[in-house]
Amino acid sequence: MTDRVLVTGSYGQIGTELILRLRGIYGTSNVIATDITPAPEIIESGGPARYLDVTDPRQVTALVVENKITHIFHLAAILSGNGELNPQKCWDVNMNGLYNILETARTWKVKQVITPSSIAAFGPDTPKEHTPIDTILRPTTMYGITKVAGELLNEYYNQKYGVDARSLRFPGIVSHETEPGGGTTDYAVDMYVKAVEGAPYACFVTENTTLPFLYMPDALDALLELAEVEESRLIHRTFNITGFSASAADIAGAVKARIPDFQCTFEPDFRQIIAESWPRSIDDRDAREEWGWKPSFDLNTMSDDMIAKLRGKIGG
Ligand SMILES: NC(=O)c1ccc[n+]([C@@H]2O[C@H](COP(=O)([O-])OP(=O)(O)OC[C@H]3O[C@@H](n4cnc5c(N)ncnc54)[C@H](O)[C@@H]3O)[C@@H](O)[C@H]2O)c1
């Protein structure tokens with residue numbers, strides 16, 4: 001049977017780029033892009049793009065059944081910053097959306113469901129350096145709460161019903177193709193964009209705020225490698241992964257080293273408390289051991305690539 005892939009939340013920061021990669025792997029007509037917003041031109045012109053609100057179980061089931069879906073990348077979510085502005089919506093989309101996806105996968109025997117989790121699953125009581133995979137999970141944001149509950153729900157559907165549910169705790173993802181969707185690490189992307197536009201930037205966390213990051217090509221590789229690995233090799237269902245750790249000043253410095261006119265000030269807002277509740281660095285040895293995870297980009301190679309790509313897009 002041909003693999004038929006559904007992606008939810010396809011027009012967000014990760015989905016837009018993942019759809020293009022998946023179309024190259026599975027064939028354009030076998031990848032169904034879905035979201036609740038209008039499809040960007042690059043997605044709509046290249047293959048199937050449908051409306052799907054993941055909070056509606058009937059829509060989820062109909063789409064999976066009609067399209068004979070075998071694999072799901074479930075990306076639809078409300079992220080940390082936006083989640084704190086509307087916690088009720090964050091719970092609804094993140095929890096009911098995942099429940100609808102897993103229930104449909106169970107009922108219709110979808111082969112695999114991949115759902116990103118986040119470093120937001122950790123909280124202020126979690127060890128901050130080289131945070132291990134199995135540790136204290138007591139987040140203080142609604143987004144983090146939905147990520148912990150989502151990890152457990154994935155594991156429950158795996159253990160009880162045999163659904164091949166897998167998850168990755170992404171750190172802050174940096175990319176140039178699509179604007180980030182309201183997370184706490186969006187400042188990293190904003191710095192590059194503003195610098196290439198020739199504009200100053202007021203960063204919403206303090207200079208010394210240090211968090212783990214991953215460049216988008218590595219994030220896409222991680223999703224695709226995790227999807228490919230033989231199920232028998234997996235000890236865990238949820239994995240820590242990271243690219244590199246950097247403070248806000250480190251990132252501003254890397255931008256300034258390449259665009260010397262860049263002006264960055266630091267004006268923390270409500271997201272500072274969220275950032276401080278997350279780990280500074282991540283231990284991802286289980287992903288490395290169980291499925292060979294290895295990132296390609298560090299802060300310097302990412303900065304070179306980001307600026308080159310943004311210059312091609314924005315000019316400057
Ligand atoms: N970007 C990051 O830095 C980061 C870090 C850690 C984890 N993640 C996780 O990765 C996944 C994708 O994140 P992203 O950065 O692409 O997010 P994003 O906010 O850019 O995109 C999410 C998409 O979900 C869609 N959506 C919202 N409500 C929906 C609904 N009811 N039904 C269907 N679609 C809906 C939005 O329209 C949006 O296009 C999420 O699970 C997120 O928690 C992202």
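**A sheet and a ligand site**

A: In this predicted model, three strands form an open sheet in the order β7-β9-β11, and their pairing is mixed.

Q: Which strands stand at the edges?
A: β7 (172–174) and β11 (244–247) do; each has a single partner strand, so one side of each is left without a neighbour in the sheet.

Q: And what is the average twist from one strand to the next?
A: The twist averages 50°.

Q: How many bridges join β7 to β9?
A: Three bridges join β7 to β9, which spans residues 210–215, and the two strands run parallel. As for individual residues, valine 174 has tyrosine 215 in β9 as its bridge partner.

Q: Which strands does helix α7 touch?
A: Helix α7 (residues 186–197) packs on the sheet and touches β7 and β9. The direction of α7 makes about 20° with that of β7. Helix α8 (residues 216–228) also packs on the sheet, touching β7 and β9, and its direction makes about 70° with that of β9.

Q: Changing topic: how many residues surround the ligand?
A: There are 28 residues around the ligand, and the closest are Gln13, Ile14, Asp35, Asp53 and Tyr143.

Q: What does tyrosine 143 place by the ligand?
A: Tyrosine 143 has a polar side-chain atom 2.5 Å from an oxygen atom of the ligand. For glutamine 13, a polar backbone atom is 2.8 Å from a ligand oxygen atom. A polar backbone atom of valine 54 is 3.0 Å from a nitrogen atom of the ligand.

Q: How much of the ligand does the protein bury?
A: The ligand taken alone exposes 830 Å², and the protein buries 92% of that.

How values were computed: Residues are numbered from 1 along each chain as its sequence is written. This is a predicted model: local features need pLDDT of at least 70, side-chain atom pairs count only at pLDDT 80 or more; totals for chains, interfaces and linings use all residues. Side-chain values use heavy atoms; hydrogens and water are left out. Two strands pair if DSSP finds at least two bridges between them. Helices (H or I, at least four residues) and strands (E, at least two) are DSSP runs, numbered from the N terminus. Axes are lines fitted to C-alpha atoms, for helices over the stretch in contact, and angles run from 0 to 180 degrees between N-to-C directions. Contact means heavy atoms within 4.5 Å. A residue is near a molecule or strand if one of its heavy atoms lies within 4 Å of it. A polar contact is a pair of N or O atoms within 3.5 Å; within protein, one must be able to donate a hydrogen and the other to accept it, and residues adjacent in sequence count only if both atoms are side-chain atoms. Accessible areas come from the Shrake-Rupley method with a 1.4 Å probe; for residues, only the protein chains shown count as cover.
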